[in-house]
Amino acid sequence: MRFIADFHIHSKYSHATSKYMDLLALATWGQLKGIMMMGTGDFTHPLWQQELKQHLQEAEPGLFELTPKHHKHVESKVYTSCKAMQRFMLTAEVSTIFKRNGRCYKTHTIILAPSFQAVEKISKELSKIGNIAADGRPILGCDIKEIVKIALDASPDCMVIPAHIWTPWFGMLGSKSGFDSIYDCFEELTEHIYAIETGLSSNFLMNAQISELDKFTLLCNSDAHSVQKLGREANIMDTELSYFGITDALKKNDPKQLVAGIEFFPERGKYYGDGHRACNVYLTPQETLDHKSICPSCHKTVTIGVHNRVNELADRTQQQASMYVRKHYQIVPLLDILSFHIGMSETSKRVQKMYHQMLQEIGSEFTILLTAPLEHIAQVSNKNIAHSIDALRRGDVTITPGYDGVYGQIRF
Ligand SMILES: [Zn+2]
Ligand SMILES: [Zn+2]
């Protein structure tokens with residue numbers, strides 16, 4: 001079955017996450033966005049885990065749907081044009097901070113689990129290490145290799161996936177607190193790692209510059225902290241509809257089943273370039289080199305972004321890497337496009353009205369961005385918006401890169 005999947009999201013129990021991120025909102029917005037398979041996020045949090053157990057029932061092996069009672073609440077909120085099947089997979093993210101060989105490492109890791117039994121076992125073990133009730137994404141003072149062991153002990157079918165591997169502070173390969181290779185991090189446990197998450201600031205091409213990453217499935221996920229951000233990255237898959245069908249495709253890195261990645265433009269990621277947010281200083285990797293990594297404004301070391309870090313670890317040029325890249329789309333959330341053309345913020349009444357009108361008359365956001373006929377889009381919105389979606393589909397956009405926590409800007 002062909003579907004769009006987003007494995008990494010957070011619930012209202014995670015730090016800095018919208019209080020509206022509950023299961024009903026996720027199921028509603030999954031349909032409006034066109035994401036059929038969504039991670040639950042945060043399964044380690046006791047209250048969220050309780051909600052998951054109350055609201056979900058197993059639909060296929062290892063995949064869950066809302067119970068009929070809760071499904072009813074969602075049905076009335078989804079436009080007929082967007083109504084679709086909706087499934088959840090039990091997922092969580094943990095933050096580990098640990099010392100190895102006298103150095104401090106910080107990593108974020110996603111865990112996929114096939115059952116509530118596995119989820120309970122993982123929670124029980126993690127609660128011995130740290131306070132899992134403090135945050136939907138718990139912070140644990142233990143080596144990441146311990147997490148792999150705990151997950152695989154809970155169930156051999158669990159998967160451990162390094163999250164947003166390039167972000168400077170919490171990425172497995174990040175410039176500030178990461179390793180120089182996946183093997184350096186997981187050592188003898190590397191054979192249990194099958195997939196990695198590219199994160200918003202890197203794309204398939206950048207990852208293909210590091211030959212070690214060839215053997216890992218590259219996943220694109222939103223890491224959404226609010227419903228609007230769901231699916232800002234996602235995966236088009238074609239697998240048997242079950243936890244095992246999906247994880248089997250991830251383990252095999254099978255291009256037939258991993259149809260395409262849907263990527264954020266990496267330059268728009270807030271850690272793409274080098275620089276200092278407070279000093280308003282953006283540097284390209286070459287400029288950073290010229291300045292010996294010193295900020296020309298405050299004379300302290302600049303934050304090294306993903307572009308620079310990829311260059312540092314790369315053993316292929318972009319041109320050499322291009323032959324290793326599988327199919328992908330680069331997108332911009334529809335609200336950004338509408339906001340650009342209407343000249344008002346994403347939350348403004350005019351932008352919101354247009355957004356919902358398009359969903360109602362055309363279909364889900366992914367349908368609009370990827371496949372809907374341009375004439376239909378023009379009819380419902382206007383010619384300029386249809387033109388921008390066309391430009392997006394052709395990759396014809398200009399981007400001012402993001403850096404040190406500042407998002408990049410896009411122009412059509
Ligand atoms: Zn994270
Ligand atoms: Zn500075």
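Predicted model: local features only at pLDDT ≥ 70, side-chain atom pairs only at ≥ 80, totals over all residues.
A residue counts as buried when its relative accessible area is under 20%, as exposed when that area is over 50%, and as partly exposed in between. Arg 87, at 8% relative accessibility, therefore counts as buried, and this residue returns below in two salt bridges, one with Glu 60 and one with Glu 65.

- Because Glu 93 belongs to strand β5 (residues 87–100) and His 108 to strand β6 (residues 103–113), the pair ties together parts that are 15 residues apart in sequence.
- Glu 93 and His 108 are both buried.

**Largest pocket**

- The largest pocket has a volume of about 640 Å³, and its lining is made up of 24 residues.
- Sorted by class, the lining of the largest pocket has 10 polar, 8 nonpolar and 6 charged residues.

**Cysteines**

- A disulfide is a covalent bond between the sulfur atoms of two cysteines.
- A search of the whole structure finds 0 disulfides.
- For Cys 104, the closest cysteine sulfur is that of Cys 142, and because the two sulfurs are 13 Å apart, they are too far from each other for a bond.
- Cys 104 is partly exposed, with a relative accessible area of 35%, whereas Cys 220 is buried, with a relative accessible area of 0%.

**Salt bridges**

- The structure holds 20 salt bridges, and one of them joins Glu 365 to Lys 33, with the closest N and O atoms 3.0 Å apart.
- This pair links distant parts of the chain, since Glu 365 is in helix α14 (residues 365–371) and Lys 33 is in helix α1 (residues 23–33), 332 residues apart.
- Both Glu 365 and Lys 33 are buried.
- Glu 60 forms a salt bridge with Arg 87, in which the closest N and O atoms are 2.7 Å apart.
- That pair also links distant parts of the chain, with Glu 60 in strand β3 (residues 56–60) and Arg 87 in strand β5, 27 residues apart; Glu 60 and Arg 87 are both buried.
- The side chain of Arg 87 meets that of Glu 65 in a salt bridge as well, at 3.3 Å from N to O.
- Here the linked parts of the chain are strand β5, which holds Arg 87, and strand β4 (residues 63–66), which holds Glu 65, and the two residues are 22 residues apart.
- Glu 65 is partly exposed, with a relative accessible area of 23%, whereas Arg 87 is buried.
- A network of salt bridges links Arg 100, Asp 143, Lys 145, Glu 187 and Glu 188.

**A loop residue**

- Tyr 324 is placed in the loop between α11 (318–321) and β15 (328–331), and at 45% relative accessibility this residue counts as partly exposed.
- From C-alpha to C-alpha, Tyr 324 and Ala 154 are 35 Å apart in space, while in sequence they are 170 residues apart.

How values were computed:
Residues numbered from 1 in each chain as written. Chains lettered and ligands numbered in written order. Heavy atoms only, no water. Helix = DSSP H or I, 4+ residues; strand = E, 2+ residues; numbered from the N terminus. Buried < 20%, exposed > 50% of the residue type's maximum accessible area, 1.4 Å probe, protein only. 1 Å grid on protein atoms, 1.4 Å probe; cavity = no way out; pocket = protein on both sides within 12 Å on 5 of 7 lines; lining within 4 Å. Points joined across faces, edges and corners; volume = space filled by probe spheres on them. Nonpolar A, V, L, I, M, F, W, Y, C, P; charged D, E, K, R; others polar. Disulfide = S-S within 2.5 Å. Salt bridge = Lys/Arg side-chain N within 4 Å of Asp/Glu carboxyl O.
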